[in-house]
Amino acid sequence: MSGHDAAGLDDLRQVESELNTRWPETKLEPSLTRVQALADLLGDPQRGYPVVHIGGTNGKTSTSRMVDALFTRIGLRTGRYTSPHLQLATERISIDGAPISPERYVEVYRDVEPYLSMVDARGDVPMSKFEVLTGMAFAAFADAPVDVAVVEVGMGGSWDATNIADGRIAVITPIGLDHVEYLGGDLAGIAEEKAGIIKPGAVALLAEQDPAVEQVLLRRVAEVDATVARAGSEFGVLRRDIAVGGQVLRLQGLGGVYEDVFLPLHGAHQAANAALALAAVEAFFGAGSDRQLDVEAVREAFAAVASPGRLERVRAAPTVLVDAAHNPHGAEALAKALDEEFGFRKLVAVVGVMDDKDAVGILSALEPVVQEVVLTANSSPRAMDPDLLAGVAVPIFGEDRMVVQPHLVDAVEEAVRLAEENDDGDTVSGGGVIVTGSVVTAGEARALFGKEPA
């Protein structure tokens, strides 16, 4: 792999295998005791810089990348912590807008490692992998040092390991159902858990939400005496025009209107993420009706935003797109963008999902916009068996519109062939392929097409 030496990647694999002996991110014991104990031993690195904390169900990583780009363009040194990664663990910890090197990742792990056994020995439950990674990110940011950290919640909010940080700015992206087995199926209950990142005296920026969710979030804002700004009220997307390679936006910020903002990403959901990110950065600098960010800097920042694995084009002729949608809410946003912004003559989906996800919801959201579906699996041990997935797909697609290909590489090849052929079996142009269903599926598809981790 270019850019990293083999020894660095070997060391990284060694550290990952050590981390993988710990509880995975899908196993939770609701408590901040362990991660706080680690932070105490490390000298509370998370208190060394202001934090923009980003929670919600969908759009967290894209919004984090946009906030990061805005801060960077304005001249601040940033740290960004996101999850899960698409291809390489180093993507989770970025400094100055780029993932830390495998060598640095290993170094940070080895620095915190002596403290892990001390924390593990204190309780019945050892530290989870995510708790360790969170400690590593906070330590790496303090060491850099960064001017501001953009921190994405792993799962939930109140009990998420990232919540030991005191976010001056709390950003809540749209909340929907996901991780039902951990967070429950009650939307208001999920919102309550996610609202836990809104701290006393913070500024909370809320994406447009289901009314029941908004009520919960506003109650939390009132309880902790936070300041609030809402999409559709204090900020939002005033206009959106589809353009080559993305969209041109007119955004209402907290400090006024920002015209002609080109965003090289597709979908109304990304425009909404952009408005949210802009408001968060304005709030950070105390912008209000009398004070606006430099419009040119805002334009340059958004024009430079990339969000790998989010409706990302990895091949042309036929077009192959990759998207990390892994719940019905995400799949609906994806389907809407595919329908509105791409004029495919024929679109074939390659879908591989995790066995704990709502496969029915994901497939049902995609069905109206794709002609055929190829069902597959990624390499994760949590991947749903493609034959089981096919059983789920039959009532939604019907047998004549679906194919099963157990391996992703074969599934993509099959989809490309299907996209290029018409009903008579002749080759025609204008076909497209969308590979989706899981972050792992998206990441592995990126790698197949030679995309570097980003």
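A hairpin links strand E10 to strand E11 through two residues. Strand here means a DSSP run of type E with at least two residues, while a helix is a run of H or I with at least four, both numbered from the N terminus. E10 covers residues 246-253 and E11 covers residues 256-263, and they pair in the antiparallel sense over six bridges; to count as paired, two strands need at least two DSSP bridges between them. Within this pairing, Leu251 has Tyr258 of E11 as its bridge partner.

A word on the source: this is a predicted model, in which local features need pLDDT of at least 70, side-chain atom pairs count only at pLDDT 80 or more, and totals for chains, interfaces and linings use all residues. Residues are numbered from 1 along each chain as its sequence is written, and side-chain values use heavy atoms, with hydrogens and water left out.

Now to the sheet. Six strands make up an open sheet with mixed pairing, in the order E12-E13-E17-E14-E15-E16. Its edges are E12 (312-315) and E16 (402-407), each of which pairs on one side only. From one strand to the next, the twist averages 25 degrees. Inside the sheet, E14 (residues 346-351) and E17 (residues 431-436) pair in the parallel sense over six bridges, and Val348 has Val433 in E17 as its bridge partner. Helix H13 (residues 386-397) lies across E14, E15 (372-377) and E16, and runs at about 160 degrees to E15. Contact means heavy atoms within 4.5 Å; axes are lines fitted to C-alpha atoms, for helices over the stretch in contact, with angles from 0 to 180 degrees between N-to-C directions.

Some backbone details deserve a look. Most residues other than glycine have a negative phi, and most peptide bonds are trans. The table lists the exceptions discussed here.

| Residue(s) | Feature | Angle | Loop between |
|---|---|---|---|
| Ala144 and Pro145 | cis peptide bond | omega about -20 degrees | for Pro145: H5 (129-143) and E5 (148-152) |
| Ala317 and Pro318 | cis peptide bond | omega about -5 degrees | for Pro318: E12 and E13 (319-322) |
| Asp96 | positive phi | about 55 degrees | E3 (93-95) and E4 (98-99) |

Asp96 is partly exposed, at 41% relative accessible area, whereas Asp225 counts as exposed at 63%. Here buried means under 20%, exposed over 50%, and partly exposed in between, using a 1.4 Å probe and protein chains only.

On a 1 Å grid over the protein atoms alone, a cavity is a set of points where a 1.4 Å probe fits but cannot get out; a pocket is an open set with protein on both sides within 12 Å along at least five of seven lines, and lining residues have an atom within 4 Å of a point. One cavity of 30 Å³ or more turns up in the whole structure. The largest cavity holds about 100 Å³ of space, and its lining includes Thr61, Arg65, His85, Glu91 and Ala454. By class, that lining has four nonpolar, three polar and four charged residues.

The second largest pocket holds about 200 Å³. It is lined by 13 residues, of which Pro264, His266, Leu311, Glu312 and Arg313 are the closest to its centre. This lining divides into seven nonpolar, three polar and three charged residues. Nonpolar covers Ala, Val, Leu, Ile, Met, Phe, Trp, Tyr, Cys and Pro; charged covers Asp, Glu, Lys and Arg; the others, Gly among them, are polar.

Technical notes
Points joined across faces, edges and corners; volume = space filled by probe spheres on them.
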